[in-house]
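Have the model open while you read.

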Amino acid sequence: MKHVRSLAFVALGLVLGQVPTVHAQFDKTIKGTLILLAVDRYGKDINKFVNDVTRTQDIGDEAVTRVVPILTVGNGTYAGAAQVNGPRRLVDTVKAVAQMEGEKRIIQPTVRVRGLIPVSDRAVKSLESLKRVPGVGVTATLEVKL
């Protein structure tokens with residue numbers, strides 16, 4: 001019984017020591033889920049707002065716009081939203097925009113790249129798993145001031 005209590009206190013200490021990490025991860029998950037739900041629910045309204053700001057109009061089936069979530073490649077967390085543009089048959093297949101970043105020192109200075117790629121699947125775990133939608137471009141990104 002004495003060993004069980006000791007193990008319980010050690011386990012409790014480990015859990016409590018992880019509370020800030022767990023809280024931060026939980027906070028990211030909640031925010032990501034809320035962004036996803038907002039984009040899924042209000043995507044058409046958000047898209048109309050972006051079109052009004054950029055003075056863009058959908059032109060029949062040849063050129064349409066749509067707002068989808070941005071996914072950060074590597075951990076699959078939802079980071080925001082982006083507007084995509086292209087032929088309706090292609091834009092309708094876009095489920096998200098995959099975001100990846102990289103940097104390289106080319107003589108002087110270091111060059112940083114942020115790629116935004118329209119994809120047909122939200123289950124993006126790596127560059128190799130990307131299901132790019134060719135013929136669709138990213139026309140805007142949306143940020144929420146926190």
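**Notes on the predicted model**

1. Let's start with Arg 122, which is partly exposed at a relative accessible area of 27%. Keep in mind throughout that this is a predicted model. Arg 122 makes a salt bridge with Asp 40, and the closest N and O atoms sit 2.8 Å apart. That pair links distant parts of the chain, since Arg 122 is in the loop between S4 and S5 while Asp 40 is in helix H2, 82 residues apart. Asp 40 also counts as partly exposed, with 45% relative accessibility.

2. How many salt bridges does a search of the whole structure find? The count is 4. Another one of them joins Arg 112 to Glu 101, with 2.7 Å between the closest N and O atoms. Arg 112 belongs to strand S4 and Glu 101 to strand S3, so this pair ties together parts 11 residues apart in sequence. Arg 112 is exposed, at a relative accessible area of 58%, whereas Glu 101 is partly exposed at 48%.

3. Asp 121 and Lys 131 form a salt bridge too, with the closest N and O atoms 3.5 Å apart. Both ends are in the loop between S4 and S5, 10 residues apart. Asp 121 is partly exposed with a relative accessible area of 27%, and Lys 131 is partly exposed at 45%. As a general point, side chains of opposite charge can pair when their charged atoms come close.

4. While you are in that loop, have a look at Ala 123, which also lies between S4 and strand S5 (137-142). Ala 123 is partly exposed, with a relative accessible area of 45%. Its C-alpha is 9.5 Å from that of Ala 96, a residue 27 places away along the chain.

5. Now the overall layout. The protein chain has 3 helices and 5 strands, and from the N terminus the elements run α-α-β-β-α-β-β-β. Of its 146 residues, 27% are buried. The accessible surface comes to about 10,500 Å², and carbon and sulfur atoms account for 60% of that. Taking contacts between residues at least 6 apart in sequence, 53% join residues at least 24 apart.

6. For the strand pairing, begin with S3 (residues 96-105). S3 pairs with S4 in the antiparallel sense over 10 bridges, and Val 97 has Pro 118 as its bridge partner in S4. S3 also pairs with S1, this time in the parallel sense and over 3 bridges. There, Thr 72 has Gln 99 as its partner in S3.

7. S3 and S4 make a hairpin with 4 residues between them, and Ile 107 in the turn has a positive phi of about 55°. Arg 55 has a positive phi as well, near 55°, despite not being a glycine. Most residues other than glycine have a negative phi. Arg 55 sits in the loop between helix H2 (19-54) and S1 and is exposed, with 74% relative accessibility. I'd look at both spots by eye.

8. The largest nonpolar core has 11 residues, including Val 64, Ile 70, Val 84, Leu 90, Val 97 and Val 133. Strand S1 (64-72), strand S2 (77-86) and helix H3 (88-91) each supply at least two of its residues, with S1 giving the largest share at 3. A separate core of 9 residues includes Val 73, Ile 117, Val 124 and Leu 130. S1 is largely enclosed by the rest of the structure, because 7 of its 9 residues are buried. As for Val 133, beyond neighbours within four places in sequence, its contacts are Leu 90, Thr 93, Val 94, Pro 118, Val 119 and Ser 120.

Conventions:
Residues are numbered from 1 along each chain as its sequence is written. This is a predicted model: local features need pLDDT of at least 70, side-chain atom pairs count only at pLDDT 80 or more; totals for chains, interfaces and linings use all residues. Side-chain values use heavy atoms; hydrogens and water are left out. A nonpolar core is a set of buried Ala, Val, Leu, Ile, Met, Phe, Trp, Tyr and Cys residues joined through side-chain atoms within 4.5 Å. Buried means under 20% relative accessible area, exposed over 50%, partly exposed in between (1.4 Å probe, protein chains only). Contact means heavy atoms within 4.5 Å. Two strands pair if DSSP finds at least two bridges between them. Accessible areas come from the Shrake-Rupley method with a 1.4 Å probe; for residues, only the protein chains shown count as cover. A salt bridge is a side-chain nitrogen of Lys or Arg within 4 Å of a carboxyl oxygen of Asp or Glu.
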